[in-house]
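Hi everyone, thanks for coming. I'd like to walk you through one model today, so let's bring it up on the screen.

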Amino acid sequence: MIAFPPGSRLKQPSTMKSVLLATLLTLGSASAQPLWIEAESFSTPGGWVLDTQFIDAMGSPYLMAHGMGKPVKDASTEIDLPAGTYTLWARTKNWVGPWDAKGTPGRFEISVNGKKLDHEFGTTGKDWQWEKAGPVKTSGKTTLSLHDLTGFDGRVDAIILSKDDSFTPPADLAATNKLRRQLLGLPDKAPETSEFDLVVIGGGYSGMGAAISGARQGLKVAFVQNRPVLGGNGSSEIQVWAMGGTRRGLYPHLGEIVEEFADRASNSPAATPQEFNDKLKEDTVNAEKTISLHLNTHVYGVEMTADKKNIRSVIGLDTKTGKETRFVGKFFVDCTGHGSVGALAGADFMMEEKGRMGMSNMWVMQNLKKPVTWPATPWALPLTLEDFPEPKALAPVGKKNKENMTGYDLGYTPVPDPADYVHGEWFWESGFDKHPINDLELIRDHNFRAVYGAVSALKTLKADKYADFDLTWLAYIGGPRESRRIVGDMILNGEDMVKGIIHPDGCVPTTWDQDLHYPKEQYAKNFPDNPFISRAEFGKHTDRKNGYPVPYRCFYSKDIGNLFMAGRTISVERHALGSTRVMRTCGMMGEVVGKAAWICVRHHTSPRGVYEQYLDILKDLMNQPGAMRRDTLEGSLYLPANAKKLPEPATSPADSIDPKKLEGLVIDDTEAELNGKWAHGEGLKPYVGKHYSYGSDKDASARFAFSVKQTGNYEVRIYFQPHENRAKTAPVTLLTADGEKTVTVDQTKAPKDPQGAYTLGTYKFTAGEESAVIFRTTGASGNVHLDAVQILSAK
């Protein structure tokens, strides 16, 4: 948006070019009135992308030249100005300044009517600041252009043109925002909508579940999302797989709405972002006639009722035009992932000061089958090949995520040869001890420095392999994992999941193990202030088959009478968050909230009142198919003839193998003598017993002791499932009647037996004497996998 002084003329749109809307404003004398031009409102953005992640910290959306080392096309816009001489100010940032890094990757120029100003922007300072250039002489039609010089994430928030050379914009953020509002002519109180039954803030899986579920109950829904696409972490912008089991447990219809729009991507991240099918998500939402969808709208404020106990409206900023709107509603759902609405409303929330899970910015390189140059990056992290894991080749379509792909229309055409691509996956993550909101831009930019440093290392230190590779995708929108969690009437403890304590309002099945992320020590030693490679630490496990039912009381605020939550913001302690945070699970929370909101509106009650008085009605609604709908608030539910038909839930082999049903003598990992650090897991299936164990801790060992009843020859089998991070040379020692025998096992390769049995050979054992199979991590080259040892009489 632009603010013009008197005498300026707005150039009308033509069929060839669009121009910016303008607001006429008087500020001081006519000869000294500045013009504020929002960069995000440029009529032609060129190759510059719109970044809205950090509005709450730095005050505004901005344009960024995210060319991954190749300068992007100019952004431009046209205005009509009175003849005169102006000083130009641009609000920008030298994004590597906070680290005093060598070089200036964010350099760009500004031109006026094709003439470049004698100043390079984005080269000084450590934070957002105004940089001065000019003088600029104009008369009549004026074209402003942003010219990127590097392709490495130069950024600009706004431009001010002033005839008064003594004018200086304020450096303070609050004063800058005040000036922004004045020059843009924004009213003190934004115009408001008519009242919605439900206002959903946040367009990820949880928001989509809530909006669609509420609309199918006959609610009038405002659905507000601050990005141009839906899906959140599961969108093309971020490309995180949507995990978590659906359609199971106490209410097996929960998850049917989620499966209507969920991604069927073959990899995360994939060769092309289109695998995450943004169009399907938006089409599914737009098919609901009572949803009013507002993309590119960031909620930054709330208006409370007179008694301060309820939210009356939320204030949304159109991130392209600067227009503000108050969305008035009966009930609100915070699906922001940061608990932003709850915090603005004064709700009590939880957030760890240190040691949180971080934010990921994943990336993809492609083999172009010809040499590709890569510019020097002295400002990136100075990485060697030992500082990060080498990117892995993409898996063939169907090898991963198979359960979520089988029977569905993928919605994309797979690339011909996935092996031509390598990717940096979820563990490119940082910000563990940084503030998840105030420091979010620094976290993202640190991830940028890490990725660009890794590409430089691969291109220079391993040029024989990567000379033909180019960086083709890098998420500039980060995927955060942990932030504020709003306190509800119940805070779910992770131990409740482990012990299987079922609460009367248990509903959404969470199937993911309690998975928390920490810096991976192997790669953290050279960058202790902010490590950028993580490891997943799986704690206590949950019931993967049926899921643990998360209580409804975790889905509404104890303080704000009309505020629901769904997604990462729900009321759980952080070990429980490690399980509930995955996207399909979050989407089912939204489904429940949409149904509960209908009860609130229809029966004139509150989210708490649903639990106290109408829980049976909620349970009945959760037992209905996801496609069921009603045409009015009072109408009956029915199943439309054109309801989307989903494939039957995948029937996968049993997760676990009962050791009692195996032949011979079986020693499970729960019976082994473990020394050193070993983690438990259930992700690689099937496994024997309750879980398997794995580890790479220095000098760790596991002793599976046994004694045979009769002297003789016995076949010895070990059980494991392969994975790329498993040991390539796992040393396994057998204590036999003939002494010690050591066998080396490659656990990255699958055993021939589908249950995971691998034969070590036939050996003699003496009756009554203790024998053993011993696993060690020394020299294993990866995680040693422990599951079970089986002793069979040789035939």
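At what angle do helix H12 and helix H14 pack, and how far apart are their axes? Before I answer, a word on the ground rules. This is a predicted model, where local features need pLDDT of at least 70 and side-chain atom pairs count only at pLDDT 80 or more, while totals for chains, interfaces and linings use all residues. Residues are numbered from 1 along each chain as its sequence is written, and side-chain values use heavy atoms, with hydrogens and water left out.

Now the answer: H12 (residues 583-603) and H14 (residues 615-622) pack at about 135°, and their axes are 10 Å apart. That makes H12 oblique to H14; angles under 35 degrees count as roughly parallel, over 145 as roughly antiparallel, 65 to 115 as roughly perpendicular, and the rest as oblique. Helices here are DSSP runs (H or I) of at least four residues, and strands (E) of at least two, numbered from the N terminus. Axes are lines fitted to C-alpha atoms, for helices over the stretch in contact, with angles from 0 to 180 degrees between N-to-C directions.

Who makes the contact, meaning heavy atoms within 4.5 Å? From H12 we have Val592, Lys595, Ala596, Trp598, Ile599 and His603, and from H14 Ile617, Leu618, Leu621 and Met622.

Next stop, Arg180, which lies in helix H2 (residues 173-184). Arg180 is buried, at 7% relative accessible area; buried means under 20%, exposed over 50%, and partly exposed in between, with a 1.4 Å probe and protein chains only. Leaving aside neighbours within four places in sequence, Arg180 is in contact with Trp36, Glu38, Gly59, Ser60, Arg91 and Asp157.

On to salt bridges: a search of the whole structure finds 48, each being a side-chain nitrogen of Lys or Arg within 4 Å of a carboxyl oxygen of Asp or Glu. One pairs Glu403 with Arg248 at 3.8 Å, N to O. These two are 155 residues apart, so to speak in distant parts of the chain. Glu403 is partly exposed, at 39%.

Another joins Glu770 and Arg703 at 2.9 Å, N to O. Glu770 sits in the loop between strands E41 (757-765) and E42 (771-776) and Arg703 in strand E37 (residues 701-706), so this bridge ties together parts 67 residues apart in sequence. Glu770 is exposed at 55%, whereas Arg703 is partly exposed at 25%.

Finally, have a look at Asp51, Lys93, Arg155, Glu441, Arg444 and Asp445, which are linked in a network of salt bridges. Thanks, everyone!

Notes: Contact = heavy atoms within 4.5 Å.
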